[in-house]
Amino acid sequence: MSEGEVKKSVTELSPIEVYMLLPRTNCKECGEENCMAFAVKLVNREATLDKCTELQKEEYRESRSKLEELLAPAVKEITIGVGSRAVKVGGKLVMYRHEFTYHNPTPIAIDVTDEMPLKGVYSSEEGLLERIKKIEGFTYNYIGRDLRLDMIAVRSTSNDPATFKSAVENVLKATEMPLILCTFDPNVMEAGLVVAHERRPLIYAATKDNWREMAELALMYKCPLAVFAPNDLKLLRSLSKTLLEYGVEDLLLDPGTFAGRGLSDTINNFTMIRRSACKGGDELLGFPLIGTPITAWINSEGSKEDAAWKEAYVAAMLIARYADLLIMHSLEGWVQLPVLVWRFNVYTDPRKPVSVEPGLRVFGEPDESSPLLLTTNYALTYFTVESDIKKAGVDCYLTVVDTEGISVESAVAGRYLTAEKIAEAIKESGIEKKINHKYLIIPGLAARLSGETEEELGDEWRVIVGPKDSSGIPGFLKENWPPGEGEG
Ligand code: SF4
């Protein structure tokens with residue numbers, strides 16, 4: 001690509017352009033019917049180039065490199081850590097979520113310091129090991145997904161190489177989570193890297209004063225490097241250029257997070273960097289962005305709650321405004337849960353509603369005369385129904401119909417939930433062997449399918465219209481189960 005030419009965004013890329021660069025032998029080695037089908041998957045980021053075995057041959061070297069360039073994300077994807085706990089940051093293809101799905105949800109790193117005691121001695125004191133255990137153990141199940149924290153940022157507050165090395169060693173022994181090593185002193189950083197480099201931590205950070213030493217460390221230990229230039233985008237870009245020329249390829253950019261009066265500058269800086277990368281094709285700014293809501297704790301004059309609250313809203317704003325990695329301090333549920341739920345929603349593909357596996361669920365200890373209910377596989381619907389049934393301690397069966405993650409009312413309107421689908425789900429579930437009756441309770445919002453469903457099911461099945469809201473299930477069953485003669 002020539003200088004000044006802006007790279008096509010993912011939404012402008014056509015499968016034909018990609019197809020023309022593929023071998024076009026239709027050999028099916030990639031698992032697709034033909035090269036065109038593979039090209040469509042590549043454009044939709046549902047496949048990667050390495051799946052095309054033909055393309056790996058020497059004769060296609062030029063096409064391969066053109067394809068790599070064509071498909072490269074505007075923001076480079078960088079891996080921190082190793083093995084199954086490694087995190088991928090960046091890899092963003094677009095600026096706005098409505099243009100294309102966001103990839104690589106923003107990992108959240110929680111800080112520890114090298115001056116923390118290994119174990120707290122006083123009840124008010126938190127030890128390093130206790131804090132790591134809390135970070136590791138932080139989990140919340142949200143509509144069937146476990147939301148967790150992702151990384152540990154080891155900060156050197158001692159500025160002493162031996163102290164930092166010892167703390168990093170203790171952290172390495174205590175957890176396999178990916179690490180960020182935080183100090184501006186290259187000697188202290190090296191002490192940490194000597195023991196941690198095999199775990200590929202992020203080096204945080206290179207500045208205008210220490211960039212050469214930090215670059216040497218990044219190259220020597222093969223670790224990604226963060227670049228820090230607070231509120232100075234010109235300097236950040238120039239450092240990025242210098243470090244790339246020096247040979248450091250895996251960079252992350254930190255334009256500074258100002259949790260107080262500088263918050264508007266912070267958001268503007270993040271936005272301008274991402275715009276330059278995605279809309280302007282600026283490769284020097286095409287790296288993942290680090291936000292540090294932890295700065296809310298610096299010189300905080302209010303209460304701890306004030307600082308934590310500030311940290312939470314800065315984190316939420318930065319998740320929405322392009323941060324690819326966050327460093328935070330608060331571990332309280334009231335700070336982290338809204339942030340994690342927000343992250344989950346920002347990074348959920350809006351084209352694919354969150355769904356659960358369809359099929360038959362069993363609650364309590366139902367017998368052959370227990371009720372059979374039905375719902376759709378939209379996660380929010382399913383977990384609400386599940387919670388209402390469990391709360392009431394009802395013994396029953398629940399058939400979950402695959403409506404492609406659409407809720408009951410919309411699924412009926414859009415014909416994702418039809419009499420045919422219900423009948424098919426009932427037959428496939430094997431429920432007929434478990435119960436001695438033929439009554440199916442459908443949600444009140446699917447009432448208009450009752451007649452058709454009875455016809456589809458045939459064989460004397462009766463459909464009972466249940467409550468519109470699943471909170472009404474216990475009361476409904478109390479009054480209507482077992483069904484009397486002529487009901488349904
Ligand atoms: S492996 Fe490559 S050449 Fe073969 S069908 Fe797939 S895309 Fe085409």
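**Entry 1: two helices near the end of the numbering I picked**

I began with a cut-off: angles under 35 degrees count as roughly parallel, over 145 as roughly antiparallel, 65 to 115 as roughly perpendicular, and the rest as oblique. I also noted that I am working with a predicted model. Then I looked up helix H14 (residues 419-429) and helix H15 (residues 450-457), which pack at an angle of about 45 degrees. Their axes are 8 Å apart. H14 and H15 are therefore oblique to each other. I wrote down the crossing of H14 and H15 as right-handed.

Which residues meet there? From H14 I listed Ala419, Glu420, Ile422, Ala423 and Ile426. Across from them, H15 brings Glu452, Thr453, Glu455, Glu456 and Leu457. Sorted by class, the contact of H14 with H15 has 5 nonpolar, 1 polar and 4 charged residues.

Next I took helix H5 (residues 161-174) and helix H6 (residues 186-196). Their axes come within 8 Å and cross at roughly 30 degrees. H5 and H6 are therefore roughly parallel to each other. This crossing of H5 and H6 is right-handed. On the H5 side I found Pro161, Ala162, Phe164, Lys165, Val168, Glu169 and Leu172 in the contact. The H6 side supplies Asn187, Val188, Ala191, Gly192, Val194, Val195 and Ala196. My tally for the contact of H5 with H6 reads 10 nonpolar, 2 polar and 2 charged residues.

**Entry 2: stepping back to the whole chain**

I then went for the overall numbers. The chain has 488 residues, and 40% of them count as buried. It holds 16 helices and 17 strands. Along the principal axes, the C-alpha atoms fill a box of roughly 85 × 70 × 40 Å. How much of the contact in the chain, at a separation of 6 or more, is between residues 24 or more positions apart? I got 64% of those contacts.

**Entry 3: the nonpolar cores**

A reminder to myself: in soluble globular proteins, nonpolar side chains tend to be buried together. Here the largest nonpolar core has 86 residues. The members that touch the most other members are Ile152, Leu181, Ile203, Ala206, Leu225, Ala226 and Val227. Helix H10 (residues 304-320) gives this core its largest share, 7 residues. There is another core apart from it, of 32 residues, including Val401, Ile406, Ala446 and Leu449.

I followed up on isoleucine 203. What does isoleucine 203 contact, leaving aside neighbours within four places in sequence? I noted Leu181, Met189, Met214, Leu217, Ala218, Cys223, Pro224, Leu225 and Ala226. Leu181, Leu225 and Ala226 are names I had already written down among the core residues that touch the most other members.

I checked for cis peptide bonds and wrote down two examples. The bond from tyrosine 204 to alanine 205 is cis, with omega near 15 degrees. Alanine 205 belongs to strand E8 (residues 202-206). Tryptophan 481 and proline 482 are also joined by a cis peptide bond, with omega about 0 degrees. Proline 482 sits in the segment after helix H16 (473-480).

Then I looked at positive phi values. Isoleucine 143 has phi near 35 degrees, which is positive in a residue other than glycine. I found isoleucine 143 in the loop between strand E4 (139-142) and strand E5 (145-148). Lysine 222, not a glycine either, has a positive phi of about 55 degrees. The loop between helix H7 (211-221) and strand E9 (225-228) is where lysine 222 lies.

Is lysine 222 buried or exposed? It is exposed, because 10 other C-beta atoms lie within 10 Å. Isoleucine 143 has 18 other C-beta atoms within 10 Å, so it is partly exposed.

**Entry 4: arginine 85**

Arginine 85 is in the loop between strand E1 (77-80) and strand E2 (87-90). It has 14 C-beta neighbours inside 10 Å, so I put arginine 85 down as partly exposed. Not counting residues up to four places away in sequence, arginine 85 touches Glu176, Met177 and Pro178. I also looked up its separation from lysine 434, which is 349 residues away along the chain. The C-alpha atoms of arginine 85 and lysine 434 are separated by 42 Å.

Key: Residues are numbered from 1 along each chain as its sequence is written. This is a predicted model: local features need pLDDT of at least 70, side-chain atom pairs count only at pLDDT 80 or more; totals for chains, interfaces and linings use all residues. Axes are lines fitted to C-alpha atoms, for helices over the stretch in contact, and angles run from 0 to 180 degrees between N-to-C directions. Helices (H or I, at least four residues) and strands (E, at least two) are DSSP runs, numbered from the N terminus. A crossing is left-handed if the near helix is turned anticlockwise from the far one by less than a right angle, and right-handed if clockwise. Two residues are in contact if their C-beta atoms, placed from the backbone, lie within 7 Å. Ala, Val, Leu, Ile, Met, Phe, Trp, Tyr, Cys and Pro count as nonpolar, Asp, Glu, Lys and Arg as charged, and the others, Gly among them, as polar. A nonpolar core is a set of buried Ala, Val, Leu, Ile, Met, Phe, Trp, Tyr and Cys residues joined through C-beta atoms within 7 Å. A residue is buried if 20 or more other C-beta atoms lie within 10 Å of its own, exposed if 12 or fewer, and partly exposed in between; C-beta atoms are placed from the backbone.
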